[in-house]
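Me: I'm new to this structure and would like to learn how to read it. Can we go through it feature by feature?

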Amino acid sequence: MDAEGTYRAIQLPEGSWCDWDVVAWDGGQLRLAGGHDLTYHHGLKLIFGDPIFVSSPSGFHDPVFRPHRPTSS
């Protein structure tokens, strides 16, 4: 979130980022590794600070990252 309280979209660099693993989730950080084949190595790591809500298995494919949108009651 930026200073105005709006969310910035995550723009991944060019590449094949179809396979993802949760590397670590501790100390207020969620760290993800991405690549085209995680059997050998990852080419991208995303670090999210203080995530509010995460619903994900430990390994996944072709994710959609989006900010939390509170529902109105």
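Predicted model: local features only at pLDDT ≥ 70, side-chain atom pairs only at ≥ 80, totals over all residues.

Me: What is the phi of Asp 62?

Reply: The general idea is that most residues other than glycine have a negative phi. Asp 62 has a positive phi of about 45 degrees, although it is not a glycine. Asp 50 also has a positive value, with phi near 50 degrees, and lies in the loop between strand 3 and strand 4.

Me: Are Asp 62 and Asp 50 buried or exposed?

Reply: Here are the cut-offs: buried means under 20% relative accessible area, exposed over 50%, and partly exposed in between (1.4 Å probe, protein chains only). Asp 62 has 58% relative accessibility, so it counts as exposed. Asp 50 has a relative accessible area of 60%, so it is exposed too. For the chain as a whole, buried residues make up 18% of the 73 residues.

Me: How many helices and strands are there in the protein chain?

Reply: The chain has 0 helices and 4 strands. Read from the N terminus on, the elements go β-β-β-β.

Me: How do I read a sheet, and in what order do the strands come in this one?

Reply: Strands of a sheet pair through backbone hydrogen bonds, either parallel or antiparallel. Two strands count as paired if DSSP finds at least two bridges between them. Here, 4 strands form an open sheet in the order 3-2-1-4, with antiparallel pairing. Strand 3 and strand 4 (59-61) are at the edges with a single partner strand each, so one side of each has no neighbour in the sheet. On average, neighbouring strands of this sheet are turned by 25 degrees against each other, direction ignored (axes are lines fitted to C-alpha atoms, for helices over the stretch in contact, and angles run from 0 to 180 degrees between N-to-C directions).

Me: How many bridges link strand 1 to strand 2, and how many link strand 1 to strand 4?

Reply: Strand 1 and strand 2 pair over 7 bridges in the antiparallel sense. Strand 1 (residues 19-26) is joined to strand 4 by 3 bridges, and these two run antiparallel as well. Asp 21 is a handy residue to look at: it stands opposite Ala 33 in strand 2, and its bridge partner in strand 4 is Gly 59. The hairpin of strand 1 and strand 2 has 2 residues between the strands, and Gly 27 takes a positive phi near 55 degrees there.

Me: Which residues make up the largest nonpolar core?

Reply: A nonpolar core is a set of buried Ala, Val, Leu, Ile, Met, Phe, Trp, Tyr and Cys residues joined through side-chain atoms within 4.5 Å. The largest one here has 7 residues: Trp 17, Trp 20, Leu 30, Leu 32, Leu 44, Leu 46 and Phe 60. Strand 2 (29-35) and strand 3 (44-49) each supply at least two residues of this core. Contact means heavy atoms within 4.5 Å, and not counting residues up to four places away in sequence, Leu 32 touches residues including Trp 20, Val 22, Leu 44, Phe 60 and Phe 65.

Me: Which side chains meet in a salt bridge?

Reply: A salt bridge is a side-chain nitrogen of Lys or Arg within 4 Å of a carboxyl oxygen of Asp or Glu. The structure holds 1, where the side chains of Asp 26 and Arg 31 meet at 2.9 Å, N to O. Asp 26 is partly exposed at 41% relative accessibility, and Arg 31 is partly exposed at 23%.

Definitions and conventions: Residues numbered from 1 in each chain as written. Heavy atoms only, no water.
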